Amino acid sequence: VSFDNNNATNSVYYSSDRTATIKIDEANFFMEAFDKVENVATTPATVVDEHLLITVKKVLNDGTETTKVYKNEELTTPFVKTSEGILEATLLFDEDADYTLTIEYKDFSGNSADKYETFFTIDKTNPVISVSYDNNDAINANCYKANRTATFTVVEHNFRASDIVVEPISAIDVQGNTVDISKDYQTLLRNGTWIDNGDTHTINIPFDVDAKYDFKVTYSDLAD
């Protein structure tokens, strides 16, 4: 088994589609037996005469889990014999999900190949980060008489707070002098208490020192 896309980040995360190419170099293999397999999600009973099992377990972002054993005709490209006499097929993975691909093969002499299994995640959806405030009562566009609490929101399925990056925050007084705000906002965002609601993650961070603040927060998900 080989894949056309091997550009993983964090070992198992891919930001674009993957196509698996499955090759069988076996003189005794014939495809008629392949189509005896069934969908184990609806028929869990043991399938008789299983010789080639291509099984995909898929977990969607909403938690929906399916397990499917593929028939030859259901593959993206069904098995064909190449000029080298090798049977070859392809299977496309193009939906955001966690995948476990398992392939088991036993020829008609009872000889079993080593079980193949691999796990990976397709994540093509870009994360969305936003900031809102509890105090929007501004004077002269960007001056506030009271403290402000910022609510940072990240919408991302494969969220990890340690991937938040805060560029150095500028805090100055009205004379333009640097103000010691005594806070490491990157540490607060990375190690603070996030509230998780499905793929939406929020945290509240206070700005309570008199100063003019300038900051930038970025987030890259596990597939970037």
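Keep in mind that the model is predicted.

Strands in a sheet pair through backbone hydrogen bonds, parallel or antiparallel. Here, strand 2 runs parallel to strand 9 (residues 116-122), and two bridges join the pair. Tyr-14 has Ile-122 of strand 9 as its bridge partner.

Now one residue. Thr-19 sits in strand 3 (residues 18-24). Is Thr-19 buried or exposed? Its relative accessible area is 19%, and the cut-off for buried is under 20%, so Thr-19 counts as buried. What does Thr-19 touch, leaving out residues up to four places away in sequence? The contacts are Ser-2, Phe-3, Asp-4, Thr-90, Leu-91 and Leu-92.

The largest pocket has a volume of about 640 Å³. It is lined by 19 residues, and those closest to its centre are Asn-142, Tyr-144, Ala-211, Lys-212 and Tyr-213. By class, that lining has eleven nonpolar, two polar and six charged residues.

The second largest pocket holds about 180 Å³. Which strands each supply at least two residues of its lining? Strand 3 and strand 8 (97-105) do. Among the lining residues are Ile-22, Lys-23 and Ile-24, along with Ile-103, Glu-104 and Tyr-105. Val-1 and Leu-52 also line this pocket. The lining of the second largest pocket has eight nonpolar residues, three charged and no polar ones.

How values were computed: Residues numbered from 1 in each chain as written. Predicted model: local features only at pLDDT ≥ 70, side-chain atom pairs only at ≥ 80, totals over all residues. Heavy atoms only, no water. Helix = DSSP H or I, 4+ residues; strand = E, 2+ residues; numbered from the N terminus. Buried < 20%, exposed > 50% of the residue type's maximum accessible area, 1.4 Å probe, protein only. Contact = heavy atoms within 4.5 Å. Pairing = 2+ DSSP bridges. 1 Å grid on protein atoms, 1.4 Å probe; cavity = no way out; pocket = protein on both sides within 12 Å on 5 of 7 lines; lining within 4 Å. Points joined across faces, edges and corners; volume = space filled by probe spheres on them. Nonpolar A, V, L, I, M, F, W, Y, C, P; charged D, E, K, R; others polar.
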